[in-house]
Amino acid sequence: MRAYELQKPGRDARWVQVERPDPRPGPGQAVVRIRAVSLNYRDAIISQGRYPGLGSMPLVPTSDGAGEVLAVGPGVTRVKPGDRVAPTFFQTWTDGPRPPGGPAALGGGVDGVLAEQVVVDAEGLVHLPTHLSFEAGATLPCAAVTVWNALVSTGGLQAGQTVLALGTGGVSIFALQFGKALGARVLVTSSQDAKLERARALGADGTVNYRTQPDWDARVLAMTGGQGVDHVVEVGGEKTLPQSIGSTREGGQLYLIGLLSGAPGKPNEALVASRKVRVHPIYVGSRAMFEDMNRLITQHRIEPVIDRVFPFAEAPEALRYLESGAHFGKVVISV
Ligand SMILES: NC(=O)c1ccc[n+]([C@@H]2O[C@H](COP(=O)([O-])OP(=O)(O)OC[C@H]3O[C@@H](n4cnc5c(N)ncnc54)[C@H](OP(=O)(O)O)[C@@H]3O)[C@@H](O)[C@H]2O)c1
């Protein structure tokens with residue numbers, strides 16, 4: 001079967017297509033015929049060698065895929081051949097708090113899913129919402145589950161509250177879609193007016209261009225009557241964190257998720273204390289969160305926003321495209 005490998009991380013690393021033996025399921029395992037993979041910013045920084053805790057090389061990259069079960073090993077009852085599934089980001093985090101010791105994650109600590117077939121623990125599989133294609137299902141395991149963990153499992157988002165999403169990448173567009181489905185008011189920032197227009201078409205209630213309006217936090221405050229927002233999905237890190245805190249209402253919640261503008265470091269304690277902001281570090285989520293989220297997706301027939309689908313042969317170009325930041329929502333590779 002065909003797969004891609006990251007052989008040596010580095011600034012100009014390029015995934016290499018290789019032949020690997022077809023995997024066979026051991027006890028408790030399932031082989032999944034991967035049909036689509038979606039990319040996350042994490043895949044770019046892993047490839048560039050800027051991500052801690054990488055497994056040994058070569059590594060099959062990417063965490064997010066969807067496909068159908070080909071075969072199961074002895075003792076497997078959770079799935080059967082033909083089931084449409086997605087592997088969970090953390091294969092061993094099923095429910096409750098994240099297990100201590102930091103379980104390995106696909107495409108980082110252990111081989112990922114950019115391959116025609118993968119063998120995984122059957123307990124680390126989730127059934128796809130039936131209305132979703134494999135391409136759409138492949139967008140869920142990292143970006144969408146992270147947003148669900150932040151806004152719902154951790155933050156207890158309630159209808160009528162206000163959410164701020166930074167930029168229009170994979171995580172932020174899920175924050176917009178889930179926020180709207182749950183009855184929230186959602187504000188979105190972007191470096192491009194055309195992307196803000198698309199965000200409004202998806203239901204964004206207020207938008208601000210953070211490039212032409214560097215004091216975007218003042219705009220966010222103005223859009224909330226000077227109060228600030230209830231929830232911030234903070235994906236920017238170093239350069240956005242102070243303004244994100246400044247955009248949060250007193251007692252509001254901020255989810256430390258990303259580092260698009262550099263590692264966030266420790267939030268300014270005086271600023272956090274002055275606004276009584278509750279700061280939550282978020283690291284994707286559990287299988288149970290994934291399944292809870294799928295119920296919302298199914299109920300509201302939410303369609304993940306896919307910017308572009310690349311053929312398998314062009315997987316390295318798909319990664320370059322993601323790195324360019326030209327996309328809106330998710331970038332997908334069909335397998
Ligand atoms: N903690 C976790 O569990 C977890 C899970 C998933 C992702 N993440 C992290 O979250 C971040 C987003 O991931 P992703 O996969 O959604 O990325 P992505 O799809 O590559 O998002 C890229 C977009 O982010 C926006 N952006 C870039 N710099 C920005 C800035 N300074 N301020 C505001 N927006 C900015 C841009 O949107 P515009 O073009 O609209 O300006 C850009 O197109 C990454 O740092 C990733 O590592 C963490």
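**View 1. Ser 247 and the residues around it.** Setting aside neighbours within four places in sequence, Ser 247 is in contact with Leu 164, Asp 217, Val 220, Leu 221, Gly 228, Val 229 and Val 232; here, two residues are in contact if their C-beta atoms, placed from the backbone, lie within 7 Å. This is a predicted model, in which local features need pLDDT of at least 70 and side-chain atom pairs count only at pLDDT 80 or more, while totals for chains, interfaces and linings use all residues. Look for Ser 247 in the loop between helix H7 (241-246) and strand E12 (248-256); helices (H or I, at least four residues) and strands (E, at least two) are DSSP runs, numbered from the N terminus. Ser 247 is buried, because 30 other C-beta atoms lie within 10 Å. A residue counts as buried with 20 or more other C-beta atoms within 10 Å of its own, as exposed with 12 or fewer, and as partly exposed in between, with C-beta atoms placed from the backbone. Ala 218 is 29 residues from Ser 247 in sequence, and their C-alpha atoms are 7.5 Å apart in space.

**View 2. The shell around the ligand.** Of the 32 residues around the ligand, Gly 167, Gly 169, Ser 190, Ser 191 and Gly 258 come nearest; a residue is near a molecule if its C-beta atom, placed from the backbone, lies within 6 Å of it. Helix H1 (41-47), helix H3 (140-154), helix H4 (170-181) and strand E9 (185-190) each supply at least two residues of this shell, and the largest share, 3 residues, comes from H3. By type, the shell divides into 14 nonpolar, 15 polar and 3 charged residues. In this count Ala, Val, Leu, Ile, Met, Phe, Trp, Tyr, Cys and Pro are nonpolar, Asp, Glu, Lys and Arg are charged, and the others, Gly among them, are polar. The shell lies between domain 1 (2-139 + 304-334) and domain 2 (144-281), because both give residues to it; the domain bounds come from an automatic or database domain assignment.

**View 3. The largest nonpolar core.** This core has 98 residues, and those with the most contacts inside it are Val 145, Val 147, Ala 175 and Val 233. H3 gives the most to the core, with 9 residues. Domain 1 and domain 2 both contribute residues, so the core lies between them. A nonpolar core is a set of buried Ala, Val, Leu, Ile, Met, Phe, Trp, Tyr and Cys residues joined through C-beta atoms within 7 Å. Beyond its neighbours within four places in sequence, Val 147 is in contact with Val 171, Phe 174, Ala 175, Phe 178 and Val 233.

**View 4. Backbone features in two loops.** Most residues other than glycine have a negative phi, and most peptide bonds are trans. In the loop between H1 and strand E4 (64-72) you will find Pro 58, joined to Met 57 by a cis peptide bond with omega about 0 degrees. Thr 62 lies in the loop between H1 and E4 and has a positive phi of about 75 degrees although it is not a glycine. Thr 62 counts as buried, with 33 C-beta neighbours inside 10 Å. Lys 276, in the loop between helix H8 (269-275) and strand E13 (278-281), has a positive phi near 50 degrees. Lys 276 is exposed, with 11 other C-beta atoms within 10 Å.

Terms used: Residues numbered from 1 in each chain as written.
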